[in-house]
Amino acid sequence: MLKAENIHVDLGRKTILHGIDLAAHAGRVTAIIGPNGSGKTTLMRALTGEIAFQGSATLNGVDIAGAQPWQLAAMRGVLPQSATLAFPFTVHEVVRLGLTSGIMGADGGDLVIEALKAVDLGGFEARFYQELSGGEQQRVQLARVLCQVWEPLLNDVPRFLFLDEPVSSLDIKHQLQIMRIAADYAARGGGVLAIMHDLNLTAAFADHVVLISDGRVFAAGKPPDVLTSGNLERVYDCPMRIGSAPDGNGMLVLPDLAAAQPIDHQNHASGDWNDATSGR
Amino acid sequence: MAISSDSAAPAGRRVAPRRHRGDRSALARATIAALAVLLALVFVFSLTSGATDTSAAAVFWALVTGNDAAISTVERVVIFDIRLPRTVLGALIGASLAVSGAVMQGLFRNPLADPGIVGVSAGAGLGAVTFIVLGTGVLAPVAALFGIYHVPFAAFFGGLVTTILLYRVSTRHGRTSVATMLLAGIALGALAGAFTGLLVFWADDQQLRDLTFWGLGSVAGATWVKIAAVAPIIVPVVLLAPLLARGLNAMTLGEATAQHLGLNVQRFKRIAIVAVAAATGAAVAVSGGIGFVGIVVPHLLRLLIGPDHRYLLPACALLGAVMLLLADAIARQVVAPAELPIGIVTAAIGAPFFLWILLRRRGIVDL
Ligand SMILES: Nc1ncnc2c1ncn2[C@@H]1O[C@H](COP(=O)(O)OP(=O)(O)OP(=O)(O)O)[C@@H](O)[C@H]1O
Ligand SMILES: [Mg+2]
C-alpha cells in the first residue's frame with residue numbers, strides 16, 4: 001500500500017502542502033479531489049519521488065524519498081497531468097517507452113498492442129504521436145503507463161497506477177473506458193491513485209475519496225461520506241445538490257444552478273462591443 | 001491473443017505503408033548495416049583518391065594482408081603516413097560530432113541543440129586556443145602535466161564549462177526553453193570568441209597561422225600522434241554512447257516522466273554532459289570548428305529511422321564518419337592542388353540544410 005504521513009511541501013517560498021495524511025490500499029481506487037491550485041498535483045509529485053517533501057511516505061514499505069528511481073518504477077506507473085514529446089515518435093514507439101523492466105522483443109511488441117487496444121487505440125500504432133488529438137494523446141500516455149506496470153501484482157506485491165486527471169480531455173465513452181481500466185486494475189489486486197475533477201465519475205468509481213483544500217485534507221472516506229453538499233460547497237465555493245441516479249443506482253453530484261450566482265450581464269451591455277454592433 | 005509486432009500488417013489498417021505498424025526497429029537495423037558498408041567504401045575511397053592515384057584494390061590488399069609489395073614506397077608513405085591518419089581522424093571526428101550532436105539534442109529535448117550552434121564548440125575552442133598560445137609560456141607546467149593530451153583536455157574542460165552553464169541558464173524545472181538556450185548559446189559563444197580573440201592578439205606569427213587554419217576546421221595535418229591524443233576520448237564515447245540511449249529515450253517525455261520510468265535523471269544528465277563535452281572537446285582540439293555535422297546527421301537519420309536513440313546513436317556515428325570523409329574529399333578536390341578547410345565545406349552544405357530544417361517544421365516542437 002501507499003502510505004503518506006504529515007507531508008509538507010514548499011515550492012519557491014510558498015508552502016503548498018501543510019501536513020497531508022493519505023493511505024491508498026491495493027485493491028481500491030483512491031481518488032484525490034479538490035479545487036484548482038489546492039495541491040493535488042503537488043501531492044502526487046511528492047509521492048512519486050519527483051520533488052522533495054517533509055514527512056514520511058512509503059510505497060509497499062519502501063521509503064519513497066530514499067528509493068532509487070528504478071525501484072519505484074518497478075512498482076508504479078505515473079500518468080502526468082500534461083505531457084509533451086520532444087521528437088517525432090510513432091504511437092508504437094511512445095508506448096514502448098513504458099517497457100522499462102526488461103520486457104523487450106516480441107513480448108514487448110505484444111504488450112504495446114494489448115495496451116493500445118485497452119485504451120481503444122488499436123490500429124494507431126504507426127501514427128505520429130504529435131499528429132494525434134489531445135484525447136488520443138492522453139490515451140497513448142495511459143497505454144505507456146499501463147505497459148510499465150501491466151501486471152497489477154509482481155511477485156504478489158501490488159503495483160500502483162498514479163493518474164493525474166486521467167480523463168480530463170476524454171469524451172464520455174472513453175472516460176468510462178479509462179475509469180473501468182482503473183477499477184479493473186484495482187480488482188485484480190493493484191492500487192490506483194487518481195486525481196479527479198469529475199465528481200460523478202469519482203462517486204461511481206472511487207472506493208476511497210480524499211478531498212483536498214488549500215494543501216490540507218478536508219475530508220477522507222467513502223464517496224457518500226465525503227461527497228456531501230456541505231463539504232463540496234465549502235471547498236469548491238459552489239452550491240451543490242446531491243441526489244441519486246434515476247434508477248436508484250449511484251449518486252448524482254450536481255451544481256445547484258438556481259442558487260449559483262448568475263453572471264452579471266449588465267457589465268456586458270456597454271463598451272466597444274456594443275457600440276460596434278449597434279450600428280448594424 | 002498474440003499479435004507479433006513483426007508480423008505482416010493486417011488488412012484494412014488505417015495508415016499508408018509503414019512497416020511493422022509503427023515499429024521502425026527493423027528499418028533502423030537495416031540502415032545501420034547499410035551505413036557500415038557505406039563507411040567501409042568511403043574509407044577506402046578516401047585512402048585512394050588524391051594527388052597520387054592508387055588502385056583501391058592494391059591499397060585494400062596492402063591493408064588487409066600487411067603485404068605492401070604491390071605498391072611503391074612513395075605510395076606507401078602517402079597512404080600510411082598521410083592519408084590513413086587523415087582518414088582515420090576524419091572518421092573519428094565525424095562520428096564524434098554527430099554523436100555529441102545527437103546526445104545533446106536528446107538531453108536538451110530539442111533538435112536544434114548542437115555543440116556548434118549553442119556555443120559549446122566555441123568554449124572548447126577557447127580551451128584549446130588557450131593552450132596553443134600559452135602552452136609554451138605561462139601554462140607550460142600544466143601542459144607538461146597532460147603531455148600530448150593537454151590541448152584535447154583543455155578543449156574538453158572549455159566544452160564542459162560551457163555545457164553546464166548553458167544547461168543552468170536555459171533549464172527551469174526540468175524544461176529547457178529553446179529560445180533561452182539559443183540566446184544563451186549566442187552569448188556564451190560570443191564570450192568565448194572574445195577571449196579567444198584576445199589570445200590570438202598575443203599569438204606569434206606561427207601560432208597565428210596554425211590558429212587561422214584550425215579555426216576554420218580541418219583534418220589536414222593529421223598525424224598518428226594527434227590520433228593517439230583524441231582516440232582514447234572519442235572511441236569510448238562513441239562506442240559507449242548507446243548506453244545512454246534508453247535514458248535519452250525516456251528524456252524525450254520530459255525529466256519528470258524519465259524519472260517515473262526509473263531513470264536517475266540528475267546522474268544521467270551529469271554523465272551525458274560530460275560525454276558531450278569530452279567528445280566535442282576532443283574533436284574541436286584537433287580539427288577546430290567543423291560545424292553542422294552534429295545537427296544535419298542526427299536530423300537526417302531521425303527522418304529516416306525515427307528518434308529511438310538505441311538505433312540513432314550508432315547510425316549517427318557511422319553517417320557522421322561518412323559525411324566528414326566525403327566533405328574532406330570535396331575539400332581536397334575543389335581547389336586542387338590546394339585544399340579548403342573542411343569547415344567551409346560542412347558549413348556551405350550544412351547551413352542551407354539547417355535553414356531547410358527550420359522551414360520544414362516537422363519534429364520541431366516546444367519552440
Ligand atoms: N513550481 C512551483 N513553484 C511555485 N508554486 C507552484 C509550483 N507548482 C505549483 N505551484 C503552486 O502550488 C499550488 C498547487 O498546485 P498544484 O499543481 O498542486 O494544484 P492542483 O491541485 O493540481 O490544481 P489543478 O486542479 O489546477 O491541476 C498552486 O497554487 C500553484 O500555483
Ligand atoms: Mg493538477
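**Sheet and ligand site**

Trainee: In β12(A), which residue is the bridge partner of V210(A)?

Mentor: This is a predicted model, where local features need pLDDT of at least 70, side-chain atom pairs count only at pLDDT 80 or more, and totals for chains, interfaces and linings use all residues. Residues are numbered from 1 along each chain as its sequence is written, chains are lettered from A and ligands numbered from 1 in written order, and side-chain values use heavy atoms, without hydrogens and water. Strands here are DSSP runs of E, at least two residues, and helices runs of H or I, at least four, numbered from the N terminus. Five bridges join the antiparallel strands β11 (208-213) and β12 of chain A, and the partner of V210(A) in β12(A) is A220(A).

Trainee: Which strands form the edges of the sheet?

Mentor: Strands pair if DSSP finds at least two bridges between them. The open, mixed sheet of chain A runs β6-β9-β10-β3-β11-β12. Pairing on one side only marks the edge strands of chain A, β6 (76-79) and β12 (216-221).

Trainee: How far is an oxygen atom of ligand 1 from an N or O atom in the side chain of K40(A)?

Mentor: K40(A) is among the nearest of the 14 residues around ligand 1, counting those with a heavy atom within 4 Å. A polar contact is a pair of N or O atoms within 3.5 Å; within protein, one must be able to donate a hydrogen and the other to accept it, and sequence neighbours count only through side-chain atoms on both sides. For K40(A), the distance is 2.7 Å.

Trainee: Which element gives the largest share of the shell around ligand 1?

Mentor: β2 (14-24) and α1 (40-47) of chain A each supply at least two residues. The largest share, three residues, comes from α1(A).
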